[in-house]
Structures are given as C-alpha cells and as structure tokens.
Amino acid sequence: MSTADARRVIATVCLSGTLEDKLAAAAAAGFDGVEIFENDLITSAASPAEIRRRCADLGLTVDLYQPFRDFEAVPPDVLRANLRRAERKFDVMEQLGADLVLVCSTVSPGAVDDDELAAEQLRLLAERAAARGMRVAYEALAWGRFVNTYDHSWRIVRRADHPALGLCLDSFHVLSRGSDPALICTIPGEKLFFLQLADAPRLDMDVLQWSRHHRLFPGQGSFDLPTFVGNVLSTGYAGPLSLEVFNDVFRQADPVPAAVDAMRSLRLLEEQLGMPVAAPAPELGGCAFAELAVDEIASSRLADALTALGFSLTGKHRSKPVQLWEQGGARVLLNASSSTSDSAAIGALAAESADPGRSAERADAMGAPILPRSRGPEEANLASVAAPDGTEVFFCDTESWLSDFPDAGSVGSNFRQNWNPASPAIGLTGIDHVALTQPFDHFDEATLFYRSVLGLEPEPVVEYAAPFGMVRSRAVLDPSGTVRIALTGTLVRRGEWAPAVRDPQHIAFTCEDVLAAARTLRERGAPVLRIPDNYYDDLDARLELDPRLLAELRANSVLYDRDENGEYLHLFTELFGSRIFFELVQRIGGYAGYGVPNAPVRMAAHRRQRLAAIDG
Ligand SMILES: O=C(O)c1ccc(O)c(O)c1
Ligand SMILES: [Mg+2]
C-alpha cells in the first residue's frame with residue numbers, strides 16, 4: 001500500500017480537554033479516526049454508544065481502544081479476574097464500535113517471566129476477543145517487566161499463533177530502546193495490527209519518564225521515523241498511521257491548534273516517505289524583509305536607531321502607514337498600522353521564494369491557511385501565513401513587493417536627503433537571521449511549522465543557563481543557509497520577576513566588517529550595548545585571542561565566538577521599545593552558529609541597560 005491512502009488517526013491522549021473537546025479537535029484537523037484512551041472515556045459523562053454516535057457525526061472512526069494493562073503471565077486466579085475484566089472492556093468496545101484493543105506488556109509485580117505462559121494466556125484472550133468479532137494488539141512497553149522490546153513481543157505473538165492476536169508497534173518503544181528497526185521487515189504485514197507514532201528528543205533518561213513527558217509529534221524530535229515507518233509499510237501493513245504522543249505541553253495546550261500541529265506532522269512524514277501531499281517547498285533566496293509592528297513612540301526611537309545604524313528611509317507604502325528602511329540588501333519595515341500589545345515587536349518576516357504562489361499552496365496544504373489581507377489596487381499580491389507565535393510569514397518576490405513602495409530605490413540620494421538626513425551606511429548587506437522568542441507552549445510546534453511550511457531544516461537543540469532561566473534554542477534554516485530563524489524559549493514557563501527584559505526578539509544583520517562598523521557606531525554615539533570587562537577576560541582565558549584583536553573587541557563591545565569552521569564577530573544594540581534589539585554579525589569562514597555562548601552576557605547587559613534607563 002501507499003501512505004497516500006493510509007488513514008490518519010490520533011490517540012485522544014495526545015490532546016487536552018474532555019473526550020468531547022478532543023474528538024471535536026481531531027475532526028476539525030481532518031483526522032479520519034481516533035484511538036480512545038480509557039481514562040478519557042471513564043471521565044466522560046457520555047455513554048460509549050453516545051461517543052460512538054458523536055464520532056460518527058464528526059466523521060471519525062474508533063480505530064483502537066487502549067490500553068488494557070497487566071494481563072499476561074499471571075497465576076490462574078489472576079487470569080480469571082483478568083479475563084473477566086477483558087470481557088467488560090469488550091462490552092464497552094462493542095458499544096463504542098471499536099474492534100481492536102491494545103494490550104501492553106505487563107509491568108505487574110504479580111507476573112512471571114515465562115514466555116510460554118504469556119503466549120498461552122494471550123491466546124485465551126484472543127479466543128475471547130474473536131468470539132466477539134474483535135482482535136488484540138500486543139505492545140511491548142519499553143519499560144515492560146519482562147517484555148520490553150518489539151522482537152520479544154513478536155516471539156510471544158508468534159508462539160500464541162492466533163489470528164485475532166497481532167502486534168502493535170509503537171515507534172517510541174522501538175527507537176527509545178535502540179532496537180534495530182530492520183527486523184520489522186521480517187514480520188508478516190497481517191500480524192501488524194496497529195502502528196503508533198511518536199517522535200522524541202534524544203534524552204539520556206529513564207524510558208518511562210521520557211515516554212510519559214517528552215514524546216513529540218513526528219518531525220519535532222530526533223527519531224528516524226521515515227525509516228521506521230518505511231520498514232512497517234514494507235511488510236504490507238495497511239492499517240492507520242496513528243499518533244500517540246504523551247507530552248506535558250500538549251496535554252495543556254488548546255486542543256484545536258494542537259490537532260492541526262499533529263496533522264501537519266503526519267503530512268510531513270508522508271512527504272518524507274515519498275508520498276507528498278503538496279508540491280515541495282520552492283527554493284528560498286534570503287529574508288526579503290523583517291517587519292516591526294510599532295506604536296508611535298517606538299516608531300520614532302526605532303527610526304533613530306536605524307538611522308544611527310546607517311539605514312535610509314527609502315519609501316512609504318502606497319496605502320498603509322508603513323516605512324521601508326534599507327541598507328544594502330537589509331530591509332526593515334516599520335508598520336504603525338498593525339495593533340501590537342508591545343510598543344514594538346517583530347510582526348512579520350518575508351522569505352524570498354523562487355515561486356511565491358507555490359509556497360502559499362504548500363503552506364495551505366500543510367495546515368497553514370493564507371491569511372486574509374486588504375490590498376489596494378495595483379498593490380502586490382503578497383501571501384502570508386501565521387506562525388504558531390502569531391508572527392506573519394510572507395512568501396515574496398522582492399521585485400514585485402518593492403513596487404508597493406513607489407519611491408524605493410529609484411529616488412536615491414535626493415529622496416534620502418529630504419526624508420532622512422542619514423548617517424552613512426556601515427556595510428550591512430542583508431538579514432543574517434531573525435531571532436524569535438517562542439512562548440513556552442509553542443516551541444516544538446514552531447520547529448515543525450517552519451520545517452513543513454517553508455522547508456527549513458532544524459539544527460540540534462541547544463540548552464544553556466541564562467540569567468533569567470534555562471534557555472532552549474534551535475535554529476531552522478533553508479539548505480543554502482539564506483533564511484535562518486533562531487527559535488528561543490525557556491525550558492519552563494517564563495518567570496515574571498524581571499519584566500524589564502521580557503521575551504526580547506531581534507533582527508541580526510549581516511555586516512562586512514563588524515569591528516569597523518563598531519568603531520563608526522562608537523563615534524556616532526549609537527546605542528550599542530556595553531559588554532563588561534569580565535567577558536573579555538574570560539574570552540582571553542578560553543580562546544587565547546591575539547591581544548590586539550582582544551583589545552579591539554573590548555574597546556568596541558564586540559563579542560566573539562568560534563567553531564571548527566570559522567569565527568563569529570557580533571555586536572548588539574540596546575533594547576528599543578519593549579523587546580526589540582538589533583545584532584550585527586560577521587561570519588568568517590564557515591562558522592555555522594549564532595554566538596550562543598555569548599547570549600547570557602547579552603541578556604544581563606540588556607537588564608543593566610533597562611535598569612539604568614529607569615534609574616536615570
Ligand atoms: O505510558 C503508558 O502507559 C502507555 C500506554 C499505552 C501505550 O500505547 C503506550 O505506548 C504507553
Ligand atoms: Mg503505544
């Protein structure tokens with residue numbers, strides 16, 4: 001079979017809310033069916049028959065009832081009670097319209113290590129199920145007491161040898177244990193009754209804790225799900241692709257967008273399996289612009305700051321209160337029309353696309369609908385979608401959108417003299433990256449959004465201790481590195497005690513020579529962030545820089561980092577408005593990072609700047 005006709009299913013345990021909330025969200029996101037998690041049914045006031053009708057009305061099938069625990073390899077009296085318990089659950093399944101039950105491998109202290117006995121008792125269960133037109137899918141939990149690998153569960157199922165007993169494979173249990181997924185190909189497809197999918201970050205921790213708190217939707221973590229699912233499909237497995245993700249954040253997130261996120265993960269996975277649901281992401285050619293949503297006060301401060309950085313005001317939008325500021329290929333829009341709860345925030349960014357129309361179609365197919373937009377006559381038709389944090393992402397072709405700024409470029413120095421008695425440019429050539437602080441609840445969702453919608457590849461997650469908490473950071477970038485977005489967030493919900501520096505965001509400009517630019521900025525009295533001496537003393541201790549370079553860095557508050565491939569010189573401005581600052585970056589050689597070791601120094605410096613402003 002091909003995944004194109006695979007049914008897409010989600011376990012109710014993935015989503016927050018009551019069973020009714022979960023079913024509505026799953027249906028709205030376009031799922032075909034659900035796994036009903038037992039606790040979700042038990043806490044519902046609706047009878048199983050009512051849930052069945054609700055599902056039917058929503059166009060959902062009930063593909064699995066789960067989990068049935070601690071059944072096998074027990075003494076006779078316990079077996080009797082377990083079979084009785086199973087019959088009661090079959091009654092429930094009958095009403096629910098579910099014909100498949102998931103039995104997970106026992107963790108019971110009362111069970112014994114006896115494969116023969118486990119197989120014999122599972123066979124009895126399968127006979128009971130078959131008598132009622134039902135089937136049993138046996139799943140090895142990674143922390144099962146005796147059975148904790150899929151090959152072991154397969155040996156038991158084979159030994160039981162009953163047509164109503166098969167396997168449930170769960171990618172988490174297989175891949176967390178480091179089992180070789182190649183053996184899956186040797187299992188006959190008709191013995192694979194169900195496939196559960198979850199991704200996860202690579203963590204070195206107890207599998208039970210890892211599974212119950214940190215599972216992710218496919219594409220958000222670091223498991224090789226395409227290979228895993230490819231092996232399963234190679235057996236002839238024709239059942240659903242079902243998501244089963246236990247995650248602390250998703251458990252408390254609004255289930256409607258969470259289900260959309262889940263569906264997007266399946267579409268991306270299908271694409272990775274060679275069954276695309278949309279045309280591939282067109283090639284990107286850089287960040288065409290970043291737009292700051294500003295109020296009046298922030299607007300004039302940002303205009304001053306951009307002027308000091310050598311930007312020129314080169315145009316005003318035909319019909320909206322939007323200014324275009326340019327230097328080299330770096331473009332910033334100040335938009336005073338969009339409402340923002342902050343005095344200034346990154347409202348939008350634009351990716352230069354080889355085919356903006358196709359980018360928009362793909363976004364739509366990946367569950368990111370094109371945002372409605374008011375457009376005057378003759379204005380460029382710019383499509384945009386909303387990222388999980390609300391940032392608007394445009395797909396554009398610069399030639400055409402620049403025409404909305406009739407004066408841009410063409411008027412040249414005359415225009416600039418009139419509108420913007422600018423300081424000369426300082427060698428900025430474009431946007432290196434945009435750093436977006438993600439709300440705690442949207443970090444993993446954001447990774448998947450940029451990956452699936454724009455075709456950006458995620459880099460490994462880095463975590464570091466910073467003055468206001470532990471920070472997680474992950475960059476996503478296109479294959480040629482022209483569009484880079486640095487996603488940053490806190491590991492736990494952000495503390496509120498230091499509101500002076502709430503969730504800063506920034507735009508990093510590519511600079512030909514940061515030290516030269518820094519000297520010019522110093523002469524201009526530009527608002528460059530002061531970096532303390534302790535930082536340079538440590539830099540010297542760690543990296544043994546040429547003393548002349550070190551002195552230059554120190555004198556100009558330029559920060560430094562290096563990796564195996566090159567060096568990174570960068571400087572930060574002070575904060576403008578509630579949360580915006582700029583960075584100037586110079587990548588030397590093949591430096592691939594973002595100066596992460598310097599981020600805590602910058603955060604503390606921003607707080608000092610804020611407190612000094614309040615005191616002063
Ligand atoms: O964590 C658990 O108990 C649990 C239950 C059912 C599953 O399918 C599973 O993978 C884990
Ligand atoms: Mg499972």
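**Ligand shell, a helix pair and a recorded site**

User: Which residues surround ligand 1, and how do they divide into nonpolar, polar and charged?

Analyst: Ligand 1 is surrounded by Gln-66, Pro-67, Leu-102, Cys-104, Glu-139, Leu-141, Asp-170, Gln-196, Ser-211, Arg-212 and Glu-244 (C-beta atom, placed from the backbone, within 6 Å). This is a predicted model, where local features need pLDDT of at least 70, side-chain atom pairs count only at pLDDT 80 or more, and totals for chains, interfaces and linings use all residues. Residues are numbered from 1 along each chain as its sequence is written, with chains lettered from A and ligands numbered from 1 in the order written. Counting Ala, Val, Leu, Ile, Met, Phe, Trp, Tyr, Cys and Pro as nonpolar, Asp, Glu, Lys and Arg as charged, and the others, Gly among them, as polar, the shell divides into four nonpolar, three polar and four charged.

User: How are helices H5 and H6 oriented to each other?

Analyst: The axes (lines fitted to C-alpha atoms over the stretch in contact, with angles from 0 to 180 degrees between N-to-C directions) of H5 (residues 115-131) and H6 (residues 150-160) come within 8 Å and cross at roughly 60°. Angles under 35 degrees count as roughly parallel, over 145 as roughly antiparallel, 65 to 115 as roughly perpendicular and the rest as oblique. H5 and H6 are therefore oblique.

User: Why do the UniProt "binding site" residues gather at one spot?

Analyst: The unreviewed UniProt entry lists His-433, His-506 and Glu-583; such annotations may be inferred rather than shown by experiment. They span 151 residues in sequence, yet they gather at one spot because no two of their C-alpha atoms are more than 9.3 Å apart.

Notes. Helix = DSSP H or I, 4+ residues; strand = E, 2+ residues; numbered from the N terminus.
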